[in-house]
Amino acid sequence: GALINIDDVRSAEFLASLPMVDSKKVASLGHSMGGYRSWMVSALTDVISASVNVCWFATTDGLMTMTNNQAKGGSSFSMIIPGLRRYMDYAHVASIACPKPSLFFNGKNDKLFPVQYVEDGYEILKKTWHSQNADDRLVTKVWDEKHYYNKEMQKETLEFLNKWLKQ
């Protein structure tokens, strides 16, 4: 997990260093494992000024079960940060990005991310952004969707990024 995370941080730093890039307007966006990587890189570096995180979010308790994909398969091992669970939930890690503009979308019918645990995680995010008077910078939404990033979700993503990056 840490290798992917540091690669993402270095990639964001490289992008921000390019002369044709406005280093104050670098965002992360991802779906599925890319969604995990998006909120994680936003939490790990101030180079990221806004993030969009689609279909990879829930509380750790909701994901670390024997029947969930998080506990099996190759990609699950790539996201492990040994010892972290003793101290923080995934939602607490994502909250490190506060007060940056952050959008989280999940699907109500996504079998990988049970909606109860998504909403529990969203509550942690909301409390954190609220504590920093940044409620307007956080969007959390559960769509009537599976593990999918549909056109309407993409449209709202573009509106969100335009709002925060085209100022």
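I take buried to mean under 20% relative accessible area, exposed over 50%, and partly exposed in between, with a 1.4 Å probe and protein chains only. By that rule I noted Glu123 as partly exposed, because its relative accessible area is 40%.

**Entry 1, ground rules.** I am reading a predicted model, in which local features need pLDDT of at least 70 and side-chain atom pairs count only at pLDDT 80 or more, while totals for chains, interfaces and linings use all residues. Residues are numbered from 1 along each chain as its sequence is written, and side-chain values use heavy atoms, with hydrogens and water left out.

I looked for salt bridges, where a side-chain nitrogen of Lys or Arg is within 4 Å of a carboxyl oxygen of Asp or Glu, and the count came to six. One of them joins Glu123 to Lys126 at 3.5 Å, N to O; both residues lie in helix H6, three residues apart, about one turn of the helix. I take helices (H or I, at least four residues) and strands (E, at least two) as DSSP runs, numbered from the N terminus. Another bridge links Lys108 and Asp144 at 3.8 Å. Lys108 sits in the loop between E3 and helix H6 (115-131) and Asp144 in the loop between E4 and helix H7 (151-165), so this pair ties together parts that are 36 residues apart in sequence.

I traced an open sheet of four strands in the order E1-E2-E3-E4, with parallel pairing, where two strands pair if DSSP finds at least two bridges between them. Strand E1 (26-31) and strand E4 (138-143) are at the edges with a single partner strand each, so one side of each has no neighbour in the sheet. E3 and E4 run parallel and are joined by six bridges, and I found that Asn106 has Val142 as its bridge partner in E4.

Which side chain of opposite charge is nearest to Lys100? I found Asp46, 4.1 Å away, and Lys100 is buried yet has no salt bridge; here Lys and Arg count as positive and Asp and Glu as negative, with His and the chain ends not counted. Lys100 lies in the loop between helix H5 (90-95) and strand E3 (102-107), and its side chain reaches the backbone oxygen of Thr45 at 2.6 Å. Leaving out residues up to four places away in sequence, I listed what Lys100 touches (heavy atoms within 4.5 Å), including Ser42, Ile48, Trp129 and Arg137.

Key: Polar contact = N/O pair within 3.5 Å; in protein donor to acceptor, adjacent residues only side chain to side chain.
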